[in-house]
Amino acid sequence: MHVPPSIQIENLSVHYAGQVALQGASLAVAPGELMALVGPSGCGKSSLLSAVNRMSDLVPGARVSGRVLIDGRDVLSEAEDVQALRRQIGMVFQQPNPFPLSIAENIRFALREHGVRNKAVLEERLEQALQATGLWNEVRDRLDKPALGLSGGQQQRLCFARALALQPSVLLLDEPCSALDPMASATVEALIDSLKGRYTLLMVTHNLAQARRLADHVAVCWVRDGCGCVLESGPTQDLFQSSRDPLAHRYLNGLLC
Ligand code: ADP
Ligand code: MG
């Protein structure tokens, strides 16, 4: 049976005033799979992610064209409810960015923003999200303490918990381990691995070994003639072993940058 992709990106371009950050990107991610976006800085990876959840709307002068379908939903349509879309598409960034609130309020606040008011539901989702990120046992006796008092890795897992509490189907991860020490990075990597199958994941990483370990598919991005683009994408093992594009091949084999 043919299963439609959960994320389908067709001919996506992102322009900022006078500059083409990304040109003509097409990618598809099957439900429950993880696609890693790799490539040097400045080739449009973050711009691609920000088009997928309409964060690019917030950048003055940004223009997005092409088509993005999330579970069949036409993300770039004028009629799209952006608030509902951001509930369906969670995002985690490089720098852990908890709100300057308590651990519990970080999650309750996000839920209330998205219309969850029932106290029992708030508490249930809070515990579920902290359990899912392995934080519950570490913080259950200090839920009312400031989130900013947690270690970097715990803060990042709290950011995952905040996104998961909204029960998304897709997660966009922009270098989620890059700012963490090796131990915290390994913990967050294990968390990401545990999310595969239940969520569809699109993750930017500069760590090729991590892409190889985690990703079902990889897309290699590049800057060509001043524009960001996707050079090649495919199943992880195929791409690392025998990418057709010579630049992609050299990049994946550590022969460039
Ligand atoms: P990557 O994530 O691969 O490093 P980005 O998507 O951040 O790439 O950037 C792609 C290009 O778009 C870069 O040349 C960058 O300078 C430019 N760019 C990114 N964000 C903005 C912005 N808000 N305004 C103008 N130019 C931007
Ligand atoms: Mg980036």
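**Reading a helix crossing and a ligand shell**

A: In this predicted model, helix α3 (residues 103–113) and helix α4 (residues 119–132) have axes that come within 10 Å and cross at roughly 120°.

Q: Which residues surround ligand 1, and how do they divide by class?

A: A shell is read by listing the residues near the ligand, taking as near any residue with a heavy atom within 4 Å. Around ligand 1 these are Y16, Q19, A21, P40, S41, G42, C43, G44, K45, S46, S47 and V59, and by class the shell has 5 nonpolar, 6 polar and 1 charged residues.

Q: Which side chains place polar atoms by an oxygen atom of ligand 1?

A: For such pairs of N or O atoms, the cut-off for a polar contact is 3.5 Å. A polar side-chain atom of S47 lies 2.5 Å from a ligand oxygen atom, while the corresponding distance is 2.7 Å for Q19 and 2.8 Å for an N or O atom in the side chain of K45. On its own, ligand 1 has 560 Å² of accessible area, of which the protein covers 62%.

Q: Which elements give two or more residues to the shell?

A: These are β2 (19–29) and α1 (45–52), and α1 supplies the largest share, 3 residues.

Terms used: Residues numbered from 1 in each chain as written. Chains lettered and ligands numbered in written order. Predicted model: local features only at pLDDT ≥ 70, side-chain atom pairs only at ≥ 80, totals over all residues. Heavy atoms only, no water. Polar contact = N/O pair within 3.5 Å; in protein donor to acceptor, adjacent residues only side chain to side chain. Areas by Shrake-Rupley, 256 points an atom, 1.4 Å probe, with all protein chains shown as cover. Helix = DSSP H or I, 4+ residues; strand = E, 2+ residues; numbered from the N terminus. Nonpolar A, V, L, I, M, F, W, Y, C, P; charged D, E, K, R; others polar. Axes fitted to C-alpha atoms, helices over the stretch in contact; angles between N-to-C directions.
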